[in-house]
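Please look over the sequence and the model below before reading on.

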Amino acid sequence: VGVGTLCFLLGWLSPNGAVVLTVILLATLIALSWIHLGQGRHPALLFLCSLMLFQGGRLIGYCLGGEPNPMRVVAMTPAPFDVSRHDSGLVLLALSLSAICIYAPCRWLYRPVAPPCGVEVRKYLPYLYILFVATLPIQLFKNYRYYEYVQQHGGYVFIYVNHAAIASSVPFWVRAIPLISLPVFVAIFVFERRRFRLYLATALYFATASLILLLGSRGGPFLLVAALWWVARVKSLRKTRIVFLATAVMALLMVANVIQVMRQDEPGANYKFSVARLIISQGASLSVTEVAFKYRDLFSPYSGSYLLTGLQDAFVALDVSNYHRGRSLAIDVSVFLSAANYEYGYGTAGAYIPEAYVGGGMVAVVLVSIALGLGLHAFYRFSGNALLLFVFAMSLPDIISLPKSGLFDWVSVFLRNCVSFALLWFGWKVYSLLLSIRQTPPADSVPGIVTA
(Lines give C-alpha, C1' and ligand atoms only; values in the text may rest on other atoms or scores of the structure.)
Protein backbone atom coordinates (compact mmCIF):
# COMPACT_ATOMS: atom_id res chain seq x y z
CA VAL A 1 0.00 0.00 0.00
CA GLY A 2 2.84 2.38 0.86
CA VAL A 3 4.68 1.73 -2.41
CA GLY A 4 1.46 2.08 -4.40
CA THR A 5 0.61 5.34 -2.66
CA LEU A 6 4.09 6.71 -3.36
CA CYS A 7 3.88 5.74 -7.04
CA PHE A 8 0.44 7.37 -7.25
CA LEU A 9 1.72 10.61 -5.70
CA LEU A 10 4.71 10.70 -8.06
CA GLY A 11 2.41 10.23 -11.06
CA TRP A 12 3.80 6.81 -11.99
CA LEU A 13 0.50 5.06 -11.26
CA SER A 14 -2.77 6.04 -12.94
CA PRO A 15 -6.12 5.98 -11.09
CA ASN A 16 -7.19 2.92 -13.12
CA GLY A 17 -3.91 1.22 -12.22
CA ALA A 18 -4.64 1.99 -8.56
CA VAL A 19 -8.08 0.42 -9.06
CA VAL A 20 -6.47 -2.85 -10.16
CA LEU A 21 -4.06 -2.83 -7.20
CA THR A 22 -6.96 -2.18 -4.80
CA VAL A 23 -8.93 -5.14 -6.19
CA ILE A 24 -5.84 -7.36 -5.90
CA LEU A 25 -5.31 -6.26 -2.30
CA LEU A 26 -8.95 -6.92 -1.32
CA ALA A 27 -8.95 -10.31 -3.04
CA THR A 28 -5.69 -11.23 -1.32
CA LEU A 29 -7.05 -10.32 2.11
CA ILE A 30 -10.17 -12.40 1.45
CA ALA A 31 -8.03 -15.37 0.44
CA LEU A 32 -5.83 -14.94 3.53
CA SER A 33 -8.95 -14.76 5.70
CA TRP A 34 -10.14 -18.04 4.26
CA ILE A 35 -6.76 -19.73 4.76
CA HIS A 36 -5.75 -18.36 8.17
CA LEU A 37 -9.08 -17.60 9.87
CA GLY A 38 -10.77 -20.98 9.96
CA GLN A 39 -12.23 -21.24 6.43
CA GLY A 40 -15.24 -19.06 7.16
CA ARG A 41 -15.51 -19.52 10.92
CA HIS A 42 -14.30 -15.97 11.49
CA PRO A 43 -16.84 -13.26 10.50
CA ALA A 44 -14.01 -11.08 9.12
CA LEU A 45 -14.23 -13.13 5.91
CA LEU A 46 -17.87 -12.15 5.35
CA PHE A 47 -17.15 -8.51 6.16
CA LEU A 48 -14.27 -8.31 3.67
CA CYS A 49 -16.40 -9.98 0.99
CA SER A 50 -19.14 -7.44 1.68
CA LEU A 51 -16.63 -4.58 1.50
CA MET A 52 -15.30 -5.82 -1.82
CA LEU A 53 -18.78 -6.26 -3.30
CA PHE A 54 -20.55 -3.12 -2.09
CA GLN A 55 -17.61 -0.68 -2.22
CA GLY A 56 -15.49 -2.42 -4.85
CA GLY A 57 -18.16 -3.74 -7.20
CA ARG A 58 -17.42 -1.16 -9.88
CA LEU A 59 -13.70 -1.74 -9.42
CA ILE A 60 -14.20 -5.47 -10.03
CA GLY A 61 -16.30 -4.59 -13.07
CA TYR A 62 -13.38 -2.63 -14.49
CA CYS A 63 -11.04 -5.61 -14.02
CA LEU A 64 -13.60 -7.86 -15.74
CA GLY A 65 -13.89 -5.46 -18.67
CA GLY A 66 -17.48 -4.44 -17.95
CA GLU A 67 -16.89 -0.91 -16.62
CA PRO A 68 -14.61 1.51 -18.53
CA ASN A 69 -14.77 4.29 -15.91
CA PRO A 70 -14.84 2.72 -12.43
CA MET A 71 -14.33 5.98 -10.53
CA ARG A 72 -17.05 7.93 -12.35
CA VAL A 73 -20.06 8.95 -10.25
CA VAL A 74 -23.05 7.46 -12.06
CA ALA A 75 -25.57 6.65 -9.32
CA MET A 76 -28.68 8.85 -9.23
CA THR A 77 -27.27 11.74 -11.26
CA PRO A 78 -28.60 12.39 -14.79
CA ALA A 79 -25.16 13.74 -15.74
CA PRO A 80 -22.37 11.36 -14.60
CA PHE A 81 -19.13 13.09 -13.66
CA ASP A 82 -15.58 12.21 -12.68
CA VAL A 83 -13.93 13.17 -9.40
CA SER A 84 -10.40 14.51 -9.34
CA ARG A 85 -7.32 12.31 -9.34
CA HIS A 86 -6.64 13.36 -5.74
CA ASP A 87 -10.12 12.37 -4.56
CA SER A 88 -9.97 9.06 -6.45
CA GLY A 89 -6.68 8.26 -4.77
CA LEU A 90 -8.07 9.10 -1.32
CA VAL A 91 -11.09 6.85 -1.85
CA LEU A 92 -8.96 3.89 -2.96
CA LEU A 93 -6.52 4.49 -0.11
CA ALA A 94 -9.40 4.54 2.40
CA LEU A 95 -10.74 1.23 1.04
CA SER A 96 -7.30 -0.36 1.26
CA LEU A 97 -6.49 0.93 4.73
CA SER A 98 -9.89 -0.07 6.05
CA ALA A 99 -9.54 -3.64 4.76
CA ILE A 100 -6.04 -3.97 6.24
CA CYS A 101 -7.08 -2.51 9.61
CA ILE A 102 -9.97 -4.98 9.79
CA TYR A 103 -7.94 -8.04 8.82
CA ALA A 104 -4.76 -7.32 10.84
CA PRO A 105 -6.17 -7.51 14.42
CA CYS A 106 -8.26 -10.55 13.50
CA ARG A 107 -5.21 -12.39 12.18
CA TRP A 108 -2.96 -11.27 15.03
CA LEU A 109 -5.39 -12.36 17.77
CA TYR A 110 -6.70 -15.49 16.06
CA ARG A 111 -6.79 -18.70 18.05
CA PRO A 112 -8.99 -21.71 17.15
CA VAL A 113 -12.26 -21.83 19.11
CA ALA A 114 -14.18 -25.04 19.78
CA PRO A 115 -17.78 -25.24 18.51
CA PRO A 116 -20.55 -24.59 21.07
CA CYS A 117 -21.66 -27.67 22.96
CA GLY A 118 -25.35 -26.85 22.85
CA VAL A 119 -26.40 -29.17 25.69
CA GLU A 120 -27.36 -26.31 27.99
CA VAL A 121 -29.69 -24.73 25.39
CA ARG A 122 -31.62 -27.81 24.29
CA LYS A 123 -34.22 -27.12 26.96
CA TYR A 124 -35.31 -24.02 25.02
CA LEU A 125 -36.16 -25.89 21.80
CA PRO A 126 -39.75 -27.02 22.65
CA TYR A 127 -40.62 -23.45 23.65
CA LEU A 128 -39.01 -22.07 20.48
CA TYR A 129 -40.84 -24.51 18.23
CA ILE A 130 -44.18 -23.54 19.77
CA LEU A 131 -43.49 -19.88 19.02
CA PHE A 132 -42.19 -20.70 15.55
CA VAL A 133 -45.31 -22.61 14.54
CA ALA A 134 -47.57 -19.95 16.07
CA THR A 135 -45.92 -16.93 14.42
CA LEU A 136 -45.09 -18.32 10.98
CA PRO A 137 -48.65 -18.06 9.51
CA ILE A 138 -48.96 -14.49 10.80
CA GLN A 139 -45.64 -13.55 9.19
CA LEU A 140 -46.79 -15.10 5.91
CA PHE A 141 -49.99 -13.01 6.07
CA LYS A 142 -48.01 -9.82 6.80
CA ASN A 143 -45.60 -10.39 3.93
CA TYR A 144 -48.46 -11.16 1.54
CA ARG A 145 -50.34 -8.00 2.52
CA TYR A 146 -47.18 -5.92 2.05
CA TYR A 147 -46.56 -7.51 -1.34
CA GLU A 148 -50.16 -6.92 -2.42
CA TYR A 149 -50.16 -3.28 -1.23
CA VAL A 150 -46.84 -2.43 -2.88
CA GLN A 151 -47.92 -3.97 -6.17
CA GLN A 152 -51.07 -1.86 -6.11
CA HIS A 153 -49.11 1.36 -5.53
CA GLY A 154 -46.32 1.34 -8.07
CA GLY A 155 -43.98 -1.47 -7.07
CA TYR A 156 -40.64 -1.60 -5.28
CA VAL A 157 -39.85 2.15 -5.13
CA PHE A 158 -43.04 2.83 -3.15
CA ILE A 159 -41.29 1.27 -0.14
CA TYR A 160 -39.06 4.37 -0.06
CA VAL A 161 -41.81 6.84 -0.92
CA ASN A 162 -44.22 6.13 1.95
CA HIS A 163 -43.23 3.22 4.16
CA ALA A 164 -45.77 4.27 6.82
CA ALA A 165 -48.63 3.64 4.38
CA ILE A 166 -47.36 0.11 3.73
CA ALA A 167 -47.01 -0.59 7.44
CA SER A 168 -50.55 0.64 8.12
CA SER A 169 -51.95 -1.96 5.70
CA VAL A 170 -51.79 -4.51 8.53
CA PRO A 171 -52.66 -4.20 12.25
CA PHE A 172 -49.94 -3.22 14.70
CA TRP A 173 -49.79 -6.64 16.37
CA VAL A 174 -49.17 -8.22 12.96
CA ARG A 175 -46.33 -5.76 12.26
CA ALA A 176 -44.79 -6.67 15.61
CA ILE A 177 -44.57 -10.39 14.77
CA PRO A 178 -41.03 -10.14 13.23
CA LEU A 179 -39.82 -9.11 16.70
CA ILE A 180 -40.58 -12.73 17.64
CA SER A 181 -40.47 -14.82 14.45
CA LEU A 182 -36.96 -13.83 13.28
CA PRO A 183 -35.13 -14.33 16.62
CA VAL A 184 -37.06 -17.57 17.20
CA PHE A 185 -35.92 -18.94 13.83
CA VAL A 186 -32.32 -17.82 14.39
CA ALA A 187 -32.34 -19.38 17.87
CA ILE A 188 -33.59 -22.67 16.42
CA PHE A 189 -30.88 -22.55 13.76
CA VAL A 190 -28.21 -21.98 16.42
CA PHE A 191 -29.47 -24.46 19.04
CA GLU A 192 -30.82 -27.31 16.91
CA ARG A 193 -28.51 -30.21 16.09
CA ARG A 194 -31.02 -32.53 14.38
CA ARG A 195 -30.60 -31.93 10.67
CA PHE A 196 -34.11 -32.75 9.50
CA ARG A 197 -35.75 -30.31 11.91
CA LEU A 198 -33.13 -27.69 11.13
CA TYR A 199 -33.67 -27.98 7.35
CA LEU A 200 -37.46 -28.02 7.75
CA ALA A 201 -37.50 -24.88 9.91
CA THR A 202 -35.16 -23.11 7.48
CA ALA A 203 -37.27 -24.07 4.46
CA LEU A 204 -40.49 -22.90 6.13
CA TYR A 205 -39.04 -19.58 7.24
CA PHE A 206 -37.57 -18.68 3.87
CA ALA A 207 -40.77 -19.79 2.14
CA THR A 208 -42.56 -16.98 3.99
CA ALA A 209 -39.67 -14.59 3.22
CA SER A 210 -39.97 -15.31 -0.52
CA LEU A 211 -42.70 -12.68 -0.78
CA ILE A 212 -40.19 -10.08 0.41
CA LEU A 213 -37.91 -11.19 -2.43
CA LEU A 214 -40.80 -10.79 -4.87
CA LEU A 215 -41.11 -7.18 -3.72
CA GLY A 216 -37.57 -6.67 -5.03
CA SER A 217 -36.01 -6.32 -1.58
CA ARG A 218 -33.11 -8.75 -1.48
CA GLY A 219 -30.71 -7.29 1.08
CA GLY A 220 -32.31 -8.62 4.26
CA PRO A 221 -32.78 -12.27 3.20
CA PHE A 222 -29.35 -12.50 1.53
CA LEU A 223 -27.54 -11.04 4.55
CA LEU A 224 -29.43 -13.44 6.81
CA VAL A 225 -28.29 -16.34 4.61
CA ALA A 226 -24.68 -15.16 4.99
CA ALA A 227 -25.04 -14.95 8.79
CA LEU A 228 -26.60 -18.44 8.95
CA TRP A 229 -23.77 -19.82 6.84
CA TRP A 230 -21.33 -18.40 9.39
CA VAL A 231 -23.30 -20.03 12.21
CA ALA A 232 -23.17 -23.37 10.38
CA ARG A 233 -19.40 -23.04 9.98
CA VAL A 234 -18.97 -22.24 13.70
CA LYS A 235 -21.08 -25.26 14.69
CA SER A 236 -19.06 -27.65 12.55
CA LEU A 237 -15.41 -28.65 12.36
CA ARG A 238 -15.73 -30.16 8.91
CA LYS A 239 -13.98 -28.54 5.98
CA THR A 240 -16.08 -26.54 3.55
CA ARG A 241 -16.71 -28.10 0.19
CA ILE A 242 -15.46 -25.50 -2.26
CA VAL A 243 -17.56 -26.82 -5.15
CA PHE A 244 -20.74 -26.70 -3.06
CA LEU A 245 -19.92 -23.19 -1.83
CA ALA A 246 -19.23 -21.94 -5.36
CA THR A 247 -22.50 -23.49 -6.59
CA ALA A 248 -24.44 -21.82 -3.77
CA VAL A 249 -22.85 -18.44 -4.54
CA MET A 250 -23.73 -18.76 -8.24
CA ALA A 251 -27.32 -19.69 -7.33
CA LEU A 252 -27.59 -16.62 -5.11
CA LEU A 253 -26.19 -14.45 -7.90
CA MET A 254 -28.81 -15.78 -10.31
CA VAL A 255 -31.59 -15.13 -7.80
CA ALA A 256 -30.21 -11.61 -7.25
CA ASN A 257 -30.22 -11.08 -11.02
CA VAL A 258 -33.87 -12.14 -11.27
CA ILE A 259 -34.80 -9.72 -8.48
CA GLN A 260 -32.81 -6.97 -10.19
CA VAL A 261 -34.80 -7.55 -13.39
CA MET A 262 -38.08 -7.46 -11.46
CA ARG A 263 -37.15 -4.03 -10.09
CA GLN A 264 -36.56 -2.55 -13.55
CA ASP A 265 -39.14 -0.18 -15.01
CA GLU A 266 -38.78 -1.37 -18.59
CA PRO A 267 -41.17 -4.29 -19.14
CA GLY A 268 -40.34 -6.45 -22.11
CA ALA A 269 -36.67 -5.44 -22.19
CA ASN A 270 -34.23 -8.19 -23.07
CA TYR A 271 -32.17 -8.78 -19.91
CA LYS A 272 -29.36 -11.29 -19.93
CA PHE A 273 -27.64 -12.74 -16.90
CA SER A 274 -24.22 -11.19 -16.45
CA VAL A 275 -22.08 -11.63 -13.37
CA ALA A 276 -20.06 -8.52 -14.22
CA ARG A 277 -23.17 -6.36 -14.64
CA LEU A 278 -24.66 -7.63 -11.38
CA ILE A 279 -21.42 -6.98 -9.45
CA ILE A 280 -21.16 -3.48 -10.94
CA SER A 281 -24.72 -2.68 -9.84
CA GLN A 282 -23.91 -3.78 -6.28
CA GLY A 283 -21.03 -1.31 -6.15
CA ALA A 284 -23.27 1.75 -6.44
CA SER A 285 -22.40 2.76 -2.86
CA LEU A 286 -18.96 3.78 -4.12
CA SER A 287 -20.61 6.88 -5.61
CA VAL A 288 -21.69 7.99 -2.13
CA THR A 289 -18.12 7.48 -0.90
CA GLU A 290 -16.68 9.55 -3.76
CA VAL A 291 -19.16 12.39 -3.35
CA ALA A 292 -18.61 12.46 0.43
CA PHE A 293 -14.83 12.66 -0.08
CA LYS A 294 -15.09 15.32 -2.79
CA TYR A 295 -17.63 17.52 -0.98
CA ARG A 296 -16.68 16.79 2.61
CA ASP A 297 -17.12 20.42 3.66
CA LEU A 298 -20.74 20.27 2.50
CA PHE A 299 -21.65 17.25 4.66
CA SER A 300 -19.29 17.53 7.66
CA PRO A 301 -21.54 19.98 9.61
CA TYR A 302 -24.09 17.15 9.86
CA SER A 303 -21.67 14.37 10.86
CA GLY A 304 -22.97 14.26 14.43
CA SER A 305 -26.57 14.23 13.22
CA TYR A 306 -25.81 11.28 10.93
CA LEU A 307 -24.57 9.26 13.91
CA LEU A 308 -27.40 10.20 16.26
CA THR A 309 -30.20 9.66 13.78
CA GLY A 310 -28.61 6.36 12.77
CA LEU A 311 -29.64 5.11 16.20
CA GLN A 312 -33.29 5.56 15.15
CA ASP A 313 -33.15 3.71 11.84
CA ALA A 314 -34.54 0.44 13.20
CA PHE A 315 -37.52 2.27 14.70
CA VAL A 316 -38.23 5.04 12.16
CA ALA A 317 -38.53 4.25 8.44
CA LEU A 318 -36.32 6.20 6.04
CA ASP A 319 -38.53 7.42 3.20
CA VAL A 320 -39.39 10.57 1.28
CA SER A 321 -42.18 11.53 3.67
CA ASN A 322 -39.88 12.11 6.68
CA TYR A 323 -36.68 13.37 5.02
CA HIS A 324 -34.78 16.34 6.40
CA ARG A 325 -31.23 17.56 5.92
CA GLY A 326 -28.81 15.65 8.13
CA ARG A 327 -31.11 12.61 8.45
CA SER A 328 -28.74 10.29 6.59
CA LEU A 329 -25.53 10.78 4.62
CA ALA A 330 -26.69 8.38 1.90
CA ILE A 331 -29.97 10.27 1.47
CA ASP A 332 -28.28 13.68 1.58
CA VAL A 333 -25.94 12.52 -1.19
CA SER A 334 -28.89 11.12 -3.17
CA VAL A 335 -30.73 14.45 -2.88
CA PHE A 336 -27.53 16.31 -3.78
CA LEU A 337 -27.15 14.23 -6.94
CA SER A 338 -30.81 14.30 -7.99
CA ALA A 339 -33.59 15.64 -5.77
CA ALA A 340 -36.17 14.79 -8.44
CA ASN A 341 -35.22 11.12 -8.55
CA TYR A 342 -35.27 10.92 -4.77
CA GLU A 343 -38.82 12.31 -4.71
CA TYR A 344 -39.85 9.28 -6.79
CA GLY A 345 -38.27 6.88 -4.30
CA TYR A 346 -34.88 6.33 -5.91
CA GLY A 347 -31.70 6.46 -3.87
CA THR A 348 -28.46 4.72 -3.12
CA ALA A 349 -26.97 3.18 -0.01
CA GLY A 350 -24.23 4.77 2.06
CA ALA A 351 -21.34 3.16 3.93
CA TYR A 352 -19.33 3.40 7.12
CA ILE A 353 -16.22 4.70 5.27
CA PRO A 354 -17.70 7.99 3.96
CA GLU A 355 -19.54 8.57 7.23
CA ALA A 356 -16.31 8.14 9.21
CA TYR A 357 -14.36 10.32 6.74
CA VAL A 358 -16.93 13.11 6.86
CA GLY A 359 -16.73 13.10 10.66
CA GLY A 360 -12.98 12.79 11.22
CA GLY A 361 -11.02 12.34 8.01
CA MET A 362 -8.69 9.45 7.24
CA VAL A 363 -7.77 9.05 10.91
CA ALA A 364 -11.41 8.28 11.74
CA VAL A 365 -11.56 5.73 8.90
CA VAL A 366 -8.52 3.91 10.34
CA LEU A 367 -9.78 3.99 13.95
CA VAL A 368 -13.29 2.83 12.99
CA SER A 369 -11.83 0.01 10.89
CA ILE A 370 -9.60 -1.17 13.76
CA ALA A 371 -12.62 -1.12 16.07
CA LEU A 372 -14.58 -3.17 13.55
CA GLY A 373 -11.76 -5.68 13.31
CA LEU A 374 -11.63 -6.05 17.09
CA GLY A 375 -15.41 -6.36 17.26
CA LEU A 376 -15.50 -9.06 14.60
CA HIS A 377 -12.79 -10.95 16.43
CA ALA A 378 -14.81 -10.71 19.66
CA PHE A 379 -17.69 -12.36 17.77
CA TYR A 380 -15.40 -15.23 16.87
CA ARG A 381 -13.68 -15.42 20.26
CA PHE A 382 -16.94 -15.90 22.17
CA SER A 383 -18.83 -17.91 19.53
CA GLY A 384 -18.15 -21.07 21.55
CA ASN A 385 -21.06 -20.07 23.81
CA ALA A 386 -24.40 -21.02 22.23
CA LEU A 387 -26.39 -18.14 23.76
CA LEU A 388 -23.78 -15.58 22.70
CA LEU A 389 -23.66 -17.16 19.25
CA PHE A 390 -27.42 -16.54 18.98
CA VAL A 391 -26.94 -12.87 19.92
CA PHE A 392 -24.08 -12.55 17.42
CA ALA A 393 -26.10 -14.21 14.65
CA MET A 394 -28.90 -11.69 15.18
CA SER A 395 -26.44 -8.78 14.91
CA LEU A 396 -24.13 -10.03 12.17
CA PRO A 397 -26.35 -9.25 9.12
CA ASP A 398 -26.34 -5.55 9.98
CA ILE A 399 -22.64 -5.50 10.78
CA ILE A 400 -21.54 -7.12 7.52
CA SER A 401 -23.80 -4.67 5.68
CA LEU A 402 -21.82 -1.69 7.02
CA PRO A 403 -20.12 -1.25 3.60
CA LYS A 404 -23.59 -0.19 2.37
CA SER A 405 -25.18 1.28 5.52
CA GLY A 406 -24.63 3.93 8.17
CA LEU A 407 -22.02 3.65 10.87
CA PHE A 408 -24.51 3.30 13.76
CA ASP A 409 -27.32 1.49 11.92
CA TRP A 410 -26.28 -1.80 13.49
CA VAL A 411 -26.52 -0.26 16.97
CA SER A 412 -30.12 0.72 16.26
CA VAL A 413 -30.93 -2.82 15.14
CA PHE A 414 -29.21 -4.24 18.22
CA LEU A 415 -31.41 -2.08 20.45
CA ARG A 416 -34.47 -3.42 18.63
CA ASN A 417 -33.11 -6.95 19.04
CA CYS A 418 -32.85 -6.31 22.77
CA VAL A 419 -36.63 -5.81 22.78
CA SER A 420 -36.97 -9.20 21.07
CA PHE A 421 -34.62 -10.81 23.59
CA ALA A 422 -36.66 -9.37 26.47
CA LEU A 423 -39.92 -10.68 24.97
CA LEU A 424 -38.42 -14.13 24.46
CA TRP A 425 -37.06 -14.16 28.03
CA PHE A 426 -40.44 -13.16 29.45
CA GLY A 427 -42.19 -15.79 27.35
CA TRP A 428 -39.71 -18.42 28.53
CA LYS A 429 -40.42 -17.54 32.17
CA VAL A 430 -44.17 -17.91 31.59
CA TYR A 431 -43.65 -21.18 29.71
CA SER A 432 -41.42 -22.53 32.51
CA LEU A 433 -43.98 -21.55 35.14
CA LEU A 434 -46.82 -23.28 33.30
CA LEU A 435 -44.64 -26.34 32.76
CA SER A 436 -43.72 -26.53 36.44
CA ILE A 437 -47.38 -26.22 37.49
CA ARG A 438 -48.34 -29.00 35.12
CA GLN A 439 -45.55 -31.28 36.36
CA THR A 440 -46.15 -30.64 40.10
CA PRO A 441 -48.06 -33.63 41.56
CA PRO A 442 -51.14 -32.95 43.69
CA ALA A 443 -50.61 -32.94 47.45
CA ASP A 444 -52.66 -36.11 48.11
CA SER A 445 -50.42 -38.11 45.77
CA VAL A 446 -47.19 -37.29 47.61
CA PRO A 447 -46.15 -39.99 50.14
CA GLY A 448 -46.14 -38.79 53.75
CA ILE A 449 -48.73 -36.06 53.23
CA VAL A 450 -52.17 -36.63 54.71
CA THR A 451 -55.02 -34.48 53.52
CA ALA A 452 -58.22 -33.88 55.45
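**Helix packing and selected residues**

In this predicted model, helix α3 (residues 44-54) and helix α5 (residues 85-109) cross at roughly 175 degrees, and their axes come within 10 Å. Angles over 145 degrees count as roughly antiparallel, and α3 and α5 are therefore roughly antiparallel to each other. The protein as a whole has 22 helices and two strands, and buried residues make up 48% of its 452 residues.

**Contact of α3 with α5**

- On the α3 side, the residues that meet α5 are Ala44, Phe47, Leu48 and Leu51, and their partners in α5 are Leu95, Ala99, Ile102, Tyr103 and Cys106.
- Sorted by class, this contact of α3 with α5 holds nine nonpolar residues, with no polar and no charged residues.
- An α-helix has 3.6 residues a turn, so residues three or four places apart point the same way.

**Ser33 in α2**

- Ser33 belongs to helix α2, which covers residues 15-36, and Ser33 counts as buried because its relative accessibility is 1%, where the cut-off for burial is under 20%.
- When neighbours within four places in sequence are left aside, Ser33 is in contact with Gly38, Leu45, Leu48 and Tyr103; of these, Leu48 in α3 and Tyr103 in α5 also take part in the contact between those two helices.

**Contact of α10 with α21**

- Helix α10 (residues 178-191) packs against helix α21 (residues 386-400) at an angle of about 135 degrees, with the two axes 9 Å apart, and that angle makes α10 oblique to α21.
- The crossing in which α10 passes α21 is right-handed.
- From α10, Leu182, Pro183, Val186, Ala187, Val190 and Phe191 meet Ala386, Leu387, Leu389, Phe390, Ala393 and Met394 from α21.

**Ser420 in α22**

- Ser420 is placed in helix α22, residues 409-439, and with a relative accessible area of 2% Ser420 is buried.
- Not counting residues up to four places away in sequence, Ser420 touches Leu179 and Pro183, and Pro183 is also one of the α10 residues that meet α21.

**Helix α15**

- Helix α15 (residues 285-294) is largely enclosed by the rest of the structure, because nine of its 10 residues are buried.
- The buried residues of α15 are Ser285, Leu286, Ser287, Val288, Thr289, Glu290, Val291, Ala292 and Phe293.

**Arg72 in strand β1**

- Arg72 lies in strand β1, which consists of residues 72-73, and with a relative accessible area of 28% Arg72 is partly exposed.
- Leaving aside neighbours within four places in sequence, Arg72 is in contact with Arg58, Pro80, Phe81, Asp82, Ser287 and Glu290, and two of these, Ser287 and Glu290, are among the buried residues of α15.
- The side chains of Arg72 and Asp82 are joined by a polar contact of 3.0 Å.
- Arg72 and Val83 stand 11 residues apart in sequence, and their C-alpha atoms are 6.8 Å apart in space.

**Sequence range of the contacts**

- Among the contacts in the protein with a separation of 6 or more, 76% are accounted for by residues 24 or more positions apart.

How values were computed. Residues numbered from 1 in each chain as written. Predicted model: local features only at pLDDT ≥ 70, side-chain atom pairs only at ≥ 80, totals over all residues. Heavy atoms only, no water. Helix = DSSP H or I, 4+ residues; strand = E, 2+ residues; numbered from the N terminus. Buried < 20%, exposed > 50% of the residue type's maximum accessible area, 1.4 Å probe, protein only. Contact = heavy atoms within 4.5 Å. Polar contact = N/O pair within 3.5 Å; in protein donor to acceptor, adjacent residues only side chain to side chain. Axes fitted to C-alpha atoms, helices over the stretch in contact; angles between N-to-C directions. Parallel < 35°, antiparallel > 145°, perpendicular 65-115°, else oblique. Left-handed = near helix turned anticlockwise from the far one by under 90°. Nonpolar A, V, L, I, M, F, W, Y, C, P; charged D, E, K, R; others polar.
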